[in-house]
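Visitor: I should like to learn how to read a structure of this kind, feature by feature. Might we take the topics in turn?

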Amino acid sequence: MMMSAEVAEVAAVAGLTVHHYLGVATILFGLGFAGVVSSRHLIRTLMCVELMLNAVNLVFVAINNHVNPSDLSGQVFAIFILTISAAEAAVGLAIVLALFKNTASVDVEDFSRLKW
Amino acid sequence: MFESTLFWIFATVAIGAALGVVLAPSVLYSALSLIVVFFSIAAFFLLNNADFLATAQVLVYGVGLTIVMLFGIMFTGDTPLKARAGKLGRLLIASISSVALFALIFTSVMGFNIKQFPASAQWIRELHEQGSTLAIGQLLFSKYVLPFEVASILLLGAMIGAIMLSKKTFTSQEPGLTFSIQEGRLKPTLAAEWRKDVGFVDAEVAEEEAPATEELKKECSL
């Protein structure tokens with residue numbers, strides 16, 4: 001596929017490849033995972049899950065823009081992820097509040113009733 | 001050059017704020033740095049020609065979701081967690097597993113070498129002039145119309161579920177145990193008392209419930 005002169009110029013000026021965005025998204029995903037595994041506060045765990053979802057969104061958008069920009073399917077997928085993460089946050093916080101009402105605690109270590 | 005400078009600025013801000021989300025001593029501070037992460041990711045979307053998605057990111061994540069999180073923090077209180085044994089082991093396992101996952105994803109991502117199809121200059125000009133909203137809307141209502149409808153059903157289910165989970169459950173027949181915050185600490189109180197406090201109960205029901213509440217009080221040894 002021939003690269004038109006204008007696109008080549010834009011790419012040269014920007015100096016950014018898709019790998020820059022993938023690297024940043026990977027770092028954000030890794031930090032979010034570390035937070036989910038290490039945090040004991042339920043709400044912080046939820047926030048770190050949101051961080052991981054955002055990193056995945058960034059990957060979708062960056063690959064869409066650099067690999068096949070004439071089809072915006074990646075951005076549509078990112079919109080679906082955004083919808084699902086909003087629903088997940090609402091239900092997750094409702095569960096956290098119900099747990100807090102019953103046990104007066106938001107510590108993950110307190111919810112070990114199903115552990116054997 | 002300009003775009004590249006912007007990218008490095010926002011990358012630094014995003015990673016620093018993400019570190020803040022994970023490591024901040026108070027969960028309130030980590031919610032506030034989460035806002036910074038969301039806004040810098042919106043900037044990345046703008047750098048990738050995704051103007052509609054950047055706006056949605058700011059509206060849904062940067063404003064809506066963090067406000068919901070802050071409400072959750074306000075409802076549960078920002079008290080520090082009790083110290084527990086085994087902190088070192090937990091930290092060790094968490095850091096080893098997350099570094100391993102990061103290394104795995106990073107090496108595979110850096111080897112990402114798919115053939116890239118650059119857009120035609122005309123398409124880029126169209127995107128810059130009209131924005132991506134029209135194209136996204138056309139995709140959403142033609143190719144992706146079924147996932148779109150499924151997502152709307154999912155949102156309805158999530159809304160009903162969240163309301164059912166967080167509504168009050170006790171009835172006038174059985175005075176349930178609920179919690180109230182007194183002197184910064186949680187104390188169990190009785191539902192009948194709570195209703196009397198807010199002027200909800202009528203005298204008849206209160207008289208009927210009076211012995212029950214006395215018994216419950218003894219049991220709870222307030």
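Visitor: Is the crossing of α2(A) and α3(A) left-handed or right-handed?

Guide: A crossing is left-handed if the near helix is turned anticlockwise from the far one by less than a right angle, and right-handed if clockwise. The crossing of α2(A) and α3(A) is left-handed. Please bear in mind that this is a predicted model, in which local features need pLDDT of at least 70, side-chain atom pairs count only at pLDDT 80 or more, and totals for chains, interfaces and linings use all residues. Residues are numbered from 1 along each chain as its sequence is written, while chains are lettered from A and ligands numbered from 1 in the order in which they are written.

Visitor: At what angle do the axes of helix α2 and helix α3 of chain A cross?

Guide: Axes are lines fitted to C-alpha atoms, for helices over the stretch in contact, and angles run from 0 to 180 degrees between N-to-C directions. Helix α2 (residues 18–38) and helix α3 (residues 42–67) of chain A have axes that come within 8 Å and cross at roughly 165°. The pair is therefore roughly antiparallel; angles under 35 degrees count as roughly parallel, over 145 as roughly antiparallel, 65 to 115 as roughly perpendicular and the rest as oblique. By class, the contact of α2(A) with α3(A) has 19 nonpolar, five polar and one charged residues. Here Ala, Val, Leu, Ile, Met, Phe, Trp, Tyr, Cys and Pro count as nonpolar, Asp, Glu, Lys and Arg as charged, and the others, Gly among them, as polar.

Visitor: How do α3(A) and α4(A) pack, and which residues meet?

Guide: The axes of α3(A) and α4(A) are 9 Å apart, at an angle of about 175°, so these two helices are also roughly antiparallel to each other. Residues of α3(A) including A:L42, A:L46, A:L53 and A:F60 meet residues of α4(A), among them A:F77, A:I81, A:L82 and A:V96. The contact of α3(A) with α4(A) divides into 15 nonpolar, seven polar and one charged residues.

Visitor: What is the secondary structure of each chain?

Guide: Helices (H or I, at least four residues) and strands (E, at least two) are DSSP runs, numbered from the N terminus. Chain A has four helices and zero strands, whereas chain B has nine helices and two strands. The elements of chain B run α-α-α-α-α-α-α-β-β-α-α from the N terminus on.

Visitor: How are α1 and α2 of chain B arranged?

Guide: Helix α1 (residues 2–23) and helix α2 (residues 27–47) of chain B have axes that come within 8 Å and cross at roughly 155°, and are therefore roughly antiparallel. Their crossing is left-handed. By class, this contact has 16 nonpolar, four polar and one charged residues.

Visitor: What share of each chain is buried?

Guide: A residue is buried if 20 or more other C-beta atoms lie within 10 Å of its own, exposed if 12 or fewer, and partly exposed in between, with C-beta atoms placed from the backbone. Buried residues make up 44% of the 116 residues in chain A and 20% of the 222 residues of chain B. B:L23, in helix α1 of chain B, counts as partly exposed because it has 15 C-beta neighbours inside 10 Å.

Visitor: Which residues of chain A does B:A158 contact?

Guide: Two residues are in contact if their C-beta atoms, placed from the backbone, lie within 7 Å. B:A158 lies in helix α7 (residues 145–166) of chain B and is buried, with 20 other C-beta atoms within 10 Å. Leaving aside neighbours within four places in sequence, B:A158 is in contact with A:A87, A:A90 and A:V91.

Visitor: How many residues take part where the chains touch?

Guide: In the model, 70 residues of chain A are in contact with 76 residues of chain B. On the chain A side, the largest share, 22 residues, comes from α4(A). That side divides into 46 nonpolar, 17 polar and seven charged residues.

Visitor: Where in chain B is confidence lowest, and where highest?

Guide: pLDDT is the predictor's confidence in each residue, from 0 to 100. Chain B averages 79, and 74% of the residues score at least 70. Confidence in chain B is lowest in strand β2 (residues 185–190), at a mean of 53, and highest in α2(B), at 94. Over residues 170–174 of chain B, pLDDT stays under 50. Where pLDDT is low, the predicted coordinates should not be read in detail. The model as a whole scores ipTM 0.85 and pTM 0.78.
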